[in-house]
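Let's take a walk through this protein together. Have the sequence and the 3D view open, and follow along residue by residue.

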Amino acid sequence: MVRGMSTLRLALASLVVACSTPQPRTPTPAPAPAPAPAPAPPAAPAPSADASFETLSKQFLDGYLALSPVDATEAGEHRYDAAWPDVTPAGDAKLHAFFEAQKQALAAIPRASLGEQDAIDAQIMSDQIELGMYSLDALKPRDVDPLYYTDLIGEGLDPLVNRNF
């Protein structure tokens with residue numbers, strides 16, 4: 001038994017020595033250099049002022065008609081026929097925020113760089129935004145005009161009822 005233990009110890013000691021002795025390493029090949037990154041594609045040219053205005057005008061119309069579905073129906077846009085405008089103070093705040101955001105986006109487009117027709121359209125859009133904000137902030141037709149809601153219902157339903165399907 002003693003002999004078995006000493007053989008075991010000897011085997012363990014040999015294993016420890018073998019594991020702790022540094023082994024000569026074969027040199028590992030150096031990693032291949034990483035390929036050079038492909039050159040970045042040239043930056044796309046900035047959109048022209050006319051293209052930026054065209055995009056903004058589409059966003060303005062889509063956003064405004066979604067927030068004012070009765071106006072959409074009157075204009076012949078029937079995607080919003082099933083909706084009514086939000087005439088609560090929260091709805092007014094949402095419409096005002098929309099006008100404000102559109103006003104800032106329009107101001108970011110240099111008017112001098114627009115073509116003649118787009119410059120005219122930009123002025124019309126600017127005037128409409130100002131009128132919408134003035135109506136919400138100063139005129140407040142929902143608060144002072146007793147016919148506001150009658151007109152809203154009539155203008156919202158009449159085109160739908162009398163339309164030829």
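## Leu 106 and its neighbours

Start with Leu 106: leaving aside neighbours within four places in sequence, it is in contact with Phe 53, Leu 56, Arg 111, Ala 122, Met 125, Ser 126 and Ile 129. Contact here means heavy atoms within 4.5 Å. Keep in mind that this is a predicted model, where local features need pLDDT of at least 70, side-chain atom pairs count only at pLDDT 80 or more, and totals for chains, interfaces and linings use all residues. Residues are numbered from 1 along each chain as its sequence is written, and side-chain values use heavy atoms, with hydrogens and water left out.

Leu 106 also shows up in the largest nonpolar core, which has 15 residues. Such a core is a set of buried Ala, Val, Leu, Ile, Met, Phe, Trp, Tyr and Cys residues joined through side-chain atoms within 4.5 Å. Phe 53, Phe 99, Leu 106, Met 125 and Ile 129 touch the most other members. Helices α2, α4 and α5 each supply at least two residues of this core, and α5 gives the largest share, five residues.

## A closer look at α5

Helices (H or I, at least four residues) and strands (E, at least two) are DSSP runs, numbered from the N terminus.

The buried residues of α5 are Ala 122, Met 125, Ser 126, Ile 129, Gly 132, Met 133 and Leu 136, and what covers them includes α2 and α4. Take Ser 126: it counts as buried because its relative accessible area is 18%, and buried means under 20%, exposed over 50% and partly exposed in between (1.4 Å probe, protein chains only). Not counting residues up to four places away in sequence, Ser 126 touches Leu 106 and Arg 111.

Lys 140 lies in the loop between α5 and α6. Its phi is positive, about 45°, although it is not a glycine. At 37% relative accessibility, Lys 140 is partly exposed.

## The largest pocket

How do you find empty space in a protein? Rolling a probe the size of a water molecule over the atoms shows where it is left. On a 1 Å grid over the protein atoms alone, a cavity is a set of points where a 1.4 Å probe fits but cannot get out, while a pocket is an open set with protein on both sides within 12 Å along at least five of seven lines; lining residues have an atom within 4 Å of a point.

The largest pocket has a volume of about 1000 Å³. Of its 39 lining residues, Tyr 64, Ser 68, Asp 71, Leu 95 and Phe 99 are the closest to its centre. Helix α5 turns up again here, giving the most to the lining with nine residues.

Over in helix α3 you'll find Thr 73. Thr 73 is buried, with a relative accessible area of 5%. Not counting residues up to four places away in sequence, Thr 73 touches His 78, Asp 81, Gly 156, Pro 159 and Leu 160.

Zooming out, buried residues make up 21% of the 165 residues in the protein chain.

Notes: Points joined across faces, edges and corners; volume = space filled by probe spheres on them.
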